[in-house]
Amino acid sequence: MTTYDYIIVGGGSSGCVLANRLSENPAHKVLLIESGRRDADPWIHIPATFFKVLGKGIDIHPYASNPDKGLNGRPCIVPQGNVLGGGSSVNAMIYIRGHRNDYDTWSQMGCQGWSYDDLLPAFRSLEQNERLNGHFHGKKGGLHVSDPRHRHPLSEAFVKAATEIGIPQNDDFNGADQAGVGFYQSTTHGGRRWSSAQAFLREAEKRPNLTVLTERKVARLLFEGQRAVGVELLDGTIFKASREIALTAGAIATPKILQLSGIGDGAHLTSLGIQVVADLPGVGANYQDHLEVPVQGETREPISILGHDKGLRAAGHMLRYLTSRRGLLSSNVVECGGFVDTAGTGQPDVQFHVLPVLIGFVDREPEPGHGLSIGPCYLRPRSRGWIKLKSADPREQTDFNANLLSDPADIETLVRGVETAIRILDAPALAKLVKRRVLPKPGTEKDPEALRDYIRQSAKTVFHPAGTARMGRADDRMAVVGPDLKVRGVEGLRVCDASVMPTLVSGNTNAPTMMIAAKAAAFMTGKAISG
């Protein structure tokens, strides 16, 4: 039985950051356990081929919710990275931190030290931005952030069309103002994906005090009294931790591990025969995710990227990429988008993800032909779901009720988002390229109930689950961790991933999840963040 100072459960976006920062001190013996394999698939590291990784399904875990009333009885399929680097190894690489008000709201909810101004140094400490500098950006971190090396004509046309309907252009969504449209910066470097594993784990793996185990699944945490002292793997192997255990398994797996370990709603755990270590009913509650709805147009000419992954064109793209690290394969595909305030509150409530191709979904094939897809996504959902154990068997799937679109406000935000996307599609810069709207079918937007039904039938996750072990004040019964990320009622255990978000951030969650890990490392080591 091997003992480490720190055990990290989950080698994803946050786990790689934490492994790096904890192992900086050679006196710390650190173990990182990842359920997936190493990030060795070459398609992971070529930006445009992340769709191949998702399609193969080897390096993701496709969690499926119960049939969801808000989605017209469809389950919500939530693919999560199951590989070193986690989501940062399989996502679209968009670098977004969220809105200032997201974090200031956390602070107002009792999470002291988590305001935007408090967190900016952590973001800066992680970042190495190739273009931007100054107050909002870092230049010395391990995470390379760069501008697109490829701009598809349909992406450029979207940006121009959006400005034609009055949306301002923005060349820095992580600066003073989030609102506007433009090209996303991405976590890429030299034309290659720059995941959390590349940015933080590759360096740390050279250190003799860090051990990385892959393809090993944690069944439960072990306690002596109220102190977390180790982990037990599915194969029965046990590792001990003399200082702390950090859960970085993600907002779906983390609450499952907590409940299997006796931390959760006491009555529910007792009914399953699990000994209660800490009665925390907030574990698995507060589930939230970003949903988007497709607005698609078929182009007059065959100018989308459809078919560019086959035959001679694919060979040509690969040759250019291998010789210059440029061209289509250097693109993250979701090159552009933006943030729009559709409700007039002064803060964006809808984000657009734009792809120069007609995309399909888990339960739907792509529409035929060439075109582009605009995905309006709501940013601050009000609907909440939950994740509960069905049994004490760690191999059994959980009772996953996403409960999406249960709050009418979420539907209305998507209605406004779809209406705005249609206006962009009809603006001159795109109208001259697009011969017809494919989705939603023309006329749908004129019938409020038909549009709402289209949204329920078509909405899909953008893979940002969060909130299932949220932070809060000491007197908050549903808070699972305090502002120091320590799990309430026990010792030696922290949660350090998107599970702790009280509310979702307004944008992609990869960069914020890394920031949470940076904060956790500072708490655990006592070393201040410099950024």
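Buried here means under 20% relative accessible area, exposed means over 50%, and partly exposed is in between, with a 1.4 Å probe and protein chains only. Helices (H or I, at least four residues) and strands (E, at least two) are DSSP runs numbered from the N terminus.

The model is predicted, so local features need pLDDT of at least 70 and side-chain atom pairs count only at pLDDT 80 or more, while totals for chains, interfaces and linings use all residues. Residues are numbered from 1 along each chain as its sequence is written, and side-chain values use heavy atoms, with hydrogens and water left out.

**Stop 1: helix α7**

Select residues 196–204, which make up helix α7. Seven of the nine residues are buried, so the helix is largely enclosed by the rest of the structure. The buried residues are Ser196, Ala197, Gln198, Ala199, Phe200, Leu201 and Ala204.

**Stop 2**

Move to strand β11, residues 218–224; five of its seven residues are buried, so β11 is largely enclosed by the rest of the structure. Two strands pair if DSSP finds at least two bridges between them. Phe223 has Ala228 of β12 as its bridge partner. Two residues separate the strands of this hairpin, and Gly225 in the turn has a positive phi of about 65 degrees.

**Stop 3: strand β20 and its partners**

Select residues 371–378 for β20, where eight of the eight residues are buried, so the strand is largely enclosed by the rest of the structure. One side carries Gly371, Ser373, Gly375 and Cys377, the other Leu372, Ile374, Pro376 and Tyr378. Show β17 (residues 295–299), which pairs with β20 in the antiparallel sense over four bridges; Glu298 has Gly371 as its bridge partner. Then show β19 (residues 350–355), antiparallel to β20 over six bridges, with His353 bridged to Gly375.

**Stop 4: cysteines**

Stay on Cys377, which is buried at a relative accessible area of 0%. Its sulfur is 12 Å from the closest cysteine sulfur, in Cys76, too far for a bond. Finish at Cys336, also buried, at 0% relative accessibility. The closest cysteine sulfur to that of Cys336 is in Cys377, 15 Å away and too far for a bond. The structure holds zero disulfides (pairs of cysteine sulfur atoms within 2.5 Å).
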